[in-house]
Structures are given as structure tokens and as C-alpha cells.
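Let's take a walk through a protein model together. Keep the structure open while you read, and click on each residue as it comes up.

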Amino acid sequence: MIIALALVGYSLLLATVIPPLLFSARWVDRAPRLAIMSWHALTATVLATAIMAGLSLTIPTPHVSRHLAEFFQACAMSIRLQYASPGGWIFGLLGGLLAVGVIGRVTWFLTVASVNLIRERARHRRILDIVGRKDVERGIVILDCDESTVYCVPGRRSRTVVTTAALGALNDYQLKAVLAHENAHLTERHDLALALSNGLAKAFSGLTLFPTAAAEIVRLVELRADDVAAAQTDRLTVADALLAVLPNSGSQARPAMALFAGGNGTAIRVRRLIPPSNPLSRIQSTAGVLGVAIILSMPLLILGGPAAAAIQQDLCPSTSTAAAH
Ligand SMILES: [Zn+2]
């Protein structure tokens, strides 16, 4: 029970105290990839901690952590002892419902979102193959369109799409910058980061943490792609290129599942690119990665500490020992 309360407390702490700190932290825009990792670590840990809290109420904890292989083979005697205690079965039932509920919601929403995304991308690729012209040399699909737009359709058979208006608006160096931006989305699989955070936001829309994380990750993947493009060209070229592919109001050439070079928040991104680059130092980055590792490992420490103490106690006698009595 104490372990379950500690896990629930840790989960609530992560879900309420850390998001405002992370949201307002000034280092975030200087290290978008680390920030994306931090948001994912935060949401994953909150969910994992809730599942562990539920399981620790349902299955006696010392045996959960005693050996990983025995996780799902918890000792029948300990379970009997727990469920024989006053109210033990109620907590066991609530814990089971919590664990199964969280696992079920995550699985359902991520599966539905993934299936819809895969289907929508395949449909859009088929349309592109019909109406677009392949430019093999530049690795792009050219669309005849009056709107200046550049976007990518991620996935195993990805496409990078450039409209004829964008080709007219961008010089060669700016085109290189926007293609580097799109390539960063594709190679770093930003679509997966977005699919995960959006799926969790839908599954737990009532909890502020998850919609906040999803909105921040949408913004951060754009910053990250801008940084990659700036490293291959220069910051002002990327800024100019973003302005050249800004969407018109009422834009029709913007499929929902694609990742764009320009879009919401472009003005802020352009302002960010004007001063010189100011990335985190190696020590600061290492400290950030360590912070993420601590957030992720804390639930295991909460479970593992009492388990280590209990490992010397024979709370779960072996079959032979039990039979001798
Ligand atoms: Zn983008």
C-alpha cells in the first residue's frame, strides 16, 4: 500500500509540478531535441507509474521486483495473504482496474491513431503519384499549385512535396534549406513523436499534461528541423525560406497528416533564427539527459527499494518449504 501511494504521489508530482517548469524553461528552445525527449519521458513515466501503482496493489510488490522473470508469476501465498486482509481485495480490484484501464486506453488510442494515419498517408501518396511530377535528382514531387508550400509525407515510402509556386519563390539556397528541414522530419521520424504524443493527448484529454505535451512537441519538432536546416545552410537563409512558404489563409494544399516547412508559429520561428545560434553546452546537455534518466528510473527505484529490503525475508515460501509445515 505504501509503495502504491508513493508511486501515485510521484505520478501526481510529475503530472502537475514538472510541466509548467518545462513549459517555461528557457533552455527548451536552445535544445529542442532534448526537450522532446523530456516531454516523452514525462508522459511515459506518469503512465508507467500509474500502471505500477495499480499492479503493486494487485500483486504483492516484493515478488514483483524480486526477479523480473517472475513478474507475472507472483507467489500465490502472498496474494492470498494480501487478499485475506481487511479491504485487501478492494484495493486489489481498484489497482487492477487502474493498470488495465491505463494499458487499455493507451493501446486502443495509439492503435486507432496509427491505423488512420497509415491509411491517410497511403491515400495521399496515391494522389501524389497521379497528380505530381517526380524530380528524381532533387528527390521531390512537384505539384502544380498557386500556393507556395513545401511538406513531407512521412513513412516507409516517404515523399517530399514542393509546389510550383514554392519553386518560383525560393532560390536554390533557400530550397536547400527547406528540403533539409523536411529531411530532418523524415530521418528523425518526427511523425512518430507526434503520433505518440497526439495519441496520448486523445486518450487522456482530461489531464492537462498530455495535451500540453502534444502541443509543445508539435512546436519543438519544427524548431529541431529548423536547427538541422540552419546547420546545413545558415540561419537567415532558413528564416527567409520559411517566410517564402507561409500558408495563405484558407489554404487547401495542406494535408493534415503532413509535416510542413512553414505553418503555425512561423513568425516566432523566424524571430528565433535571427540571432546567432546559442545551443546548450555539453555539460548542460549531459545534465539534461541525466535529469530525463532520473525521471524515468525513479518508479523502478520506488519499487526496487522495498523489494531489495524484502528480498532477505521469505515472504513467499517455496512449495517445498510450505509442504514441510
Ligand atoms: Zn516542419
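What follows goes from confidence, to the core, to a few helices and single residues.

First, a word of caution: this is a predicted model. The protein chain averages a pLDDT of 83, and 80% of the residues score at least 70. Take care over residues 317-325, though, where the pLDDT is below 50. Beyond near neighbours in sequence, that stretch has 3 contacts in the model.

Now for the inside. The largest nonpolar core has 39 residues, and Trp 39 and Phe 204 are the ones with the most contacts inside it. Which elements give two or more residues to this core? They are helices H1 (2-16), H3 (32-58), H6 (88-131), H9 (190-203), H10 (209-232) and H13 (282-310). H3 gives the most, with 11 residues. Apart from this core there is another one, made of 21 residues, including Val 150, Ala 166, Leu 175 and Leu 273.

Let's zoom in on Trp 39. Leaving out residues up to four places away in sequence, Trp 39 touches Pro 19, Leu 22 and Phe 23, and also Leu 209, Thr 212, Ala 213, Glu 216, Ile 217 and Leu 220.

Next up is Phe 204, the other residue named for its core contacts. Is Phe 204 buried or exposed? Its relative accessibility is 10%, and buried means under 20%, so Phe 204 counts as buried. Phe 204 also belongs to an aromatic pair. A pair of aromatic rings is described by the distance of the centres and the angle of the planes. A search of the whole structure finds 1 such pair. The ring centres of Phe 204 and Phe 210 are 5.2 Å apart and their planes are at 40°, so the pair is tilted. Phe 210 is buried as well, with a relative accessible area of 2%.

Phe 210 brings us to Thr 43, because the two are in contact, and Thr 43 counts as buried at 5% relative accessibility. Thr 43 lies in helix H3. Leaving aside neighbours within four places in sequence, Thr 43 also contacts Leu 200, Leu 209 and Ala 213.

Let's turn to helix H1. H1 has 15 residues and reaches 21 Å from its first C-alpha to its last, close to the 21 Å expected at 1.5 Å a residue. Which residues of H1 are buried? Ile 3, Ala 4, Leu 7, Tyr 10, Ser 11 and Leu 14 are. They cover an arc of only 125° around the axis, which puts them on the same side of H1. An α-helix has 3.6 residues a turn, so residues three or four places apart point the same way. On the other side of H1, Ile 2, Leu 5, Leu 12 and Thr 16 are exposed.

Now look at helix H9. H9 has 14 residues and spans 20 Å from its first C-alpha to its last, close to the 20 Å expected at 1.5 Å a residue. Its buried residues are His 190, Asp 191, Ala 193, Leu 194, Ser 197, Gly 199, Leu 200, Ala 201 and Ala 203.

Our last stop is His 185, which sits in helix H8 (residues 172-187). With a relative accessible area of 0%, His 185 is buried. What does His 185 touch, not counting residues up to four places away in sequence? The answer is Cys 152, His 190, Val 221, Glu 222, Ala 225, Leu 259 and Phe 260. One of these, His 190, is among the buried residues of H9.

Methods. Residues numbered from 1 in each chain as written. Predicted model: local features only at pLDDT ≥ 70, side-chain atom pairs only at ≥ 80, totals over all residues. Heavy atoms only, no water. pLDDT = per-residue confidence, 0-100. Contact = heavy atoms within 4.5 Å. Phe/Tyr/Trp six-rings, centres within 6.5 Å; stacked < 30°, edge-to-face > 60°. Buried < 20%, exposed > 50% of the residue type's maximum accessible area, 1.4 Å probe, protein only. Core = buried A, V, L, I, M, F, W, Y, C linked by side-chain atoms within 4.5 Å. Helix = DSSP H or I, 4+ residues; strand = E, 2+ residues; numbered from the N terminus. Expected span 1.5 Å × (residues − 1). Arc of directions from axis to C-beta.
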